[in-house]
Amino acid sequence: MVDSPNNGLLKNPGAGFSWYGVDVGAVARQLDTDPVAGLSNVQASNRLAEFGPNTLREKKKKIPLVMFLEQFKDFMILVLIASAIVAGVIGEMADTIAIAVIVVLNALIGFVQEYRAEKAMAALKKMAAPSTTTLRNGTAATIPAHAIVPGDVVLLEAGNVIAADMRLIQSARLKIDESALTGESVPVEKEVEPIPDATASLGDRKNMAYKGTFVTYGRGAGVVVSTGMETELGRIATMLQEGEEEKTPLQKRLARFGTKLALVVLAICAVVFTVGLVQGEPPLTMLLTAISLAVAAIPEALPAVVTISLALGARKMVKQNALIRKLPAVETLGSVTYICSDKTGTLTLNKMTVEEYFVDATSASLTSMRMTPLSPVDPLRHPSALLMTALALNNDVREDASGNPLGDPSETAPFLAAKSAGFDKARLEKDFPRVAEIPFDSARKCMTTLHRVEKGHGDGGYISFTKGAPDVLLANAKDCLMSQGLVSVDHERIFKANEAMASRGLRVLAVAMRRWQGHPRDVTPENVESGLTFVGLVGMMDPPREEAKEAIRLCKSAGIAPVMITGDHPLTAGAVARRLGIIEDAHGAVMTGRDLAKLTVEEFEDRVEHIRVYARVAPEQKLDIVKALQDKGHFVAMTGDGVNDAPALRRADIGVAMGITGTDVSKEAGHMILLDDNFATIVKSIKEGRRIFDNIRKFIKYAMTGNSGEIWAIFLAPFLGLPIPLLPIHILWINLVTDGLPGLALSAEPAEKGLMDRPPRHPQESIFAQGLGAHTLWVGLLMGFATIFTQAWSIHTGHAHWQTMAFTVLCLSQMGHVLAIRSNTQSIFTQGFFSKGPSSAPSGPPSPPRGEETDPSSWERVG
């Protein structure tokens, strides 16, 4: 992905022009602007007319009435409407009203879902800055953000929302939070030097600032290069509006089911009508028979049972911290074969933490440091104590009234590590008050604080602590502090320790110090940050959630492939993935966005089922990953919290937005929201989705078997010389009442044991798979024969109420059947007639050993 200039830019650099790859002078010439004075008012007015306002455009919306009417296009809904008309024609208005209520309820639910989906663009537009400070005619002026044009010079300071994409021309300790666009959890230190890498990812373009991100620290200035829909935020808006939401697995299966059912019903009706006419039956009688068959075949209660099952499931899932925005998503979770998860905050704690130290020529964990008896009373005597003192003092962290640290994550992590080891900043500052500092900047890659050493700590004087990049500090170190005293610097050993930490995905900081007899006259980097004494290394990372490890293991045993997609560094992504078990070999491949961009669609689809970690990916690449997996026949869950995730969330079979860290845009685009931002909650939701689909299949088995019994009875009776045993009104009553109420009971059945030890359903699997179709036919035939036998016996013995007896036998047969199918693995006698569900169901197939989990990519394609 490359920065694109506005169409028709002055001196158009052409498609694919990389603003980050040229120097400030070239940018100014390309945009015909003055970096010092900005544009003139005349230039700005002309460009506003040429390029248009700096706003996000929306495509033409559907009016609510059209949205509502489109809900009636579904085949099953049309069949229900036909059933309602038939009921009305034969005079049963109560049944017509009941069916109409079901139809309208489903239409309202679908309408609300679609209407809410339209709000994603509105949430995206809220991210725009209302105003910004811009240089016009050499004077700083505050203007509305929509009036910014390419070539404007914008002034930036902490708290500003970036109003347009811009190439930075000044940076004074400027840090920008780009997490909404890149997924990077730490604010990015910005610079102005050109970046020669023409394929640099969005997160690596450190001389660019993007619309919708915000300044967290420092100040700077930038030249606007793209506005409106040509910005990165605008490109995401375009993808959001062009992206199509996929139908849910249940919707797809029910659509196929409805089509096949219609063909079967029409065929049976035609055969019965034709045979009857050939046998000399009155046309009206045979028409009535055909209508009876059509009504008998349609499970009128199915939409109501599905809707109520999903609603009850959604209610239960809220208690498990999963808020369902789009009702069909409840069942979709049970069909998921791939979970594509963001790293930061979902698989990890979203809290930078010190995990490892290298001090006194030894590597140590945070736990071992806490257990080491260190003395904060006289912290200058031991290397470990001195390292902790430096971590406590060399930062700008403050604590709020509740004791929570406020500051950059890369500073709060060492601060908290020192505090947990007993080195409290507030107390240490009494013994070592700060008297001067040299702030961090990206050129020096380090920060220094100077402290007066109060009496009682050696000879008094002053001490400076410097932290920063290991290579920089080692280059300026003259010796190294060890427990036996000062020794020469072992560069090779320290570099090896640094590389080992970095290879494990840790962000490494070096710490050094220098003692002074008096206050240095010249507090400059050249004077204070030379002749240092190396103290140690600190390794930090955003650690994986403990519960996520078990959730990943459970995913694999359930045949679901977990995939990590992040904007973070490949080393960090790989390290977290290995600790979680997403990739299990030490050298598991990590595909970067740059690697992905080099592949053709066909090449990527050949590899997509075998890739488990993606790093430094662009927004459209997340969308490409979802599409590639869907093209291979998989059902994909995608998690995300940023604006960059919204198009992929909307396209995925189940888009999972973060409730705590998620932007409004991602929440509006998602199908469900994690209220605790926890990956383990997704796995719990998948189990609930599987339970709900199991219960819907149980209802379909129950309803279709009963309908099969009705069809057999009506179909066979004329061939046996018997009158039609059931009238359309009887069948409607059975389908709405005898089917509906037990169906609701089936929808509340608890989960079968071993539910998460089986692989997911194949995406192309029919509703009638796993013996359901055969069961429907032979048990329905048994019910039909029982009904016909009762009818024949009643007529033969002269009972006037033979139709009532046939009707009663069919209803009671269905009541016995619903008790028999409550569990797929247990009989009613094992469960007990008054039990609430499976009590001791077998655990299902044993979980495969690690490394041999069911892999969705190994499925054979089925029709």
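Colleague: In what order do the strands of the eight-stranded open sheet run?
Modeller: In this predicted model, the order is β8-β26-β25-β24-β9-β21-β23-β22, and the pairing is mixed.

Colleague: Which strands sit at the edges?
Modeller: β8 (322–324) and β22 (591–592), each of which pairs on one side only.

Colleague: And how do β21 and β23 pair, parallel or antiparallel?
Modeller: Parallel, with two bridges between β21 (residues 561–565) and β23 (residues 613–615). Ile 565 has Tyr 614 in β23 as its bridge partner.

Colleague: Which strands does helix α21 touch on that sheet?
Modeller: Helix α21 (residues 570–580) packs against β21, β22 and β23. The direction of α21 makes about 155° with that of β23.

Colleague: Different topic. Is β15 mostly buried or exposed?
Modeller: Buried. Six of the seven residues in β15 (residues 446–452) are buried, so the strand is largely enclosed by the rest of the structure.

Colleague: Which strand do five bridges join to β15?
Modeller: That is β14 (residues 434–441), and the two run antiparallel. Ile 438 is bridged to Thr 448 in β15.

Colleague: What about the turn in that hairpin, how many residues are between the strands?
Modeller: Four residues lie between β14 and β15. Lys 445 in this hairpin takes a positive phi near 60°.

Colleague: How many bridges does β15 make with β16?
Modeller: Seven, again with antiparallel pairing; β16 covers residues 462–468. Thr 448 turns up here too, with Thr 466 in β16 as its bridge partner.

Colleague: On to helices. At what angle do α30 and α31 pack?
Modeller: About 150°, with the axes 8 Å apart. Helix α30 spans residues 772–796 and helix α31 spans residues 802–820. The two are therefore roughly antiparallel to each other. The crossing of α30 past α31 is right-handed.

Colleague: Which residues of α30 and α31 meet there?
Modeller: From α30, the contact includes His 775, Val 779, Met 783 and Trp 793. From α31, it includes Trp 802, Met 805, Leu 810 and His 817. By type, the contact of α30 with α31 has 10 nonpolar residues, eight polar and no charged.

Colleague: How do the axes of α11 and α27 cross?
Modeller: At roughly 160°, coming within 10 Å of each other. Helix α11 is residues 302–318 and helix α27 is residues 679–716. That makes α11 and α27 roughly antiparallel, and α11 passes α27 in a right-handed crossing.

Colleague: Which residues are in that contact?
Modeller: On the α11 side they include Leu 302, Val 305, Leu 310 and Lys 316. On the α27 side they include Glu 688, Arg 691, Ile 696 and Phe 699. The contact of α11 with α27 divides into nine nonpolar residues, three polar and three charged.

Colleague: I was also looking at Val 272. Which helix is it in?
Modeller: Val 272 belongs to helix α9 (residues 249–278). Val 272 is buried, at a relative accessible area of 3%.

Colleague: How far apart are Val 272 and Pro 718 in space?
Modeller: 8.8 Å, C-alpha to C-alpha, although 446 residues apart in sequence.

Colleague: Last bit, the whole chain. How many helices and strands?
Modeller: 32 helices and 26 strands. Of the 863 residues in the chain, 55% are buried.

Colleague: And what share of contacts joins residues at least 24 apart?
Modeller: 72%, taken among contacts between residues at least 6 apart in sequence.

Note on methods
Residues are numbered from 1 along each chain as its sequence is written. This is a predicted model: local features need pLDDT of at least 70, side-chain atom pairs count only at pLDDT 80 or more; totals for chains, interfaces and linings use all residues. Side-chain values use heavy atoms; hydrogens and water are left out. Axes are lines fitted to C-alpha atoms, for helices over the stretch in contact, and angles run from 0 to 180 degrees between N-to-C directions. Angles under 35 degrees count as roughly parallel, over 145 as roughly antiparallel, 65 to 115 as roughly perpendicular and the rest as oblique. A crossing is left-handed if the near helix is turned anticlockwise from the far one by less than a right angle, and right-handed if clockwise. Contact means heavy atoms within 4.5 Å. Ala, Val, Leu, Ile, Met, Phe, Trp, Tyr, Cys and Pro count as nonpolar, Asp, Glu, Lys and Arg as charged, and the others, Gly among them, as polar. Two strands pair if DSSP finds at least two bridges between them. Buried means under 20% relative accessible area, exposed over 50%, partly exposed in between (1.4 Å probe, protein chains only).
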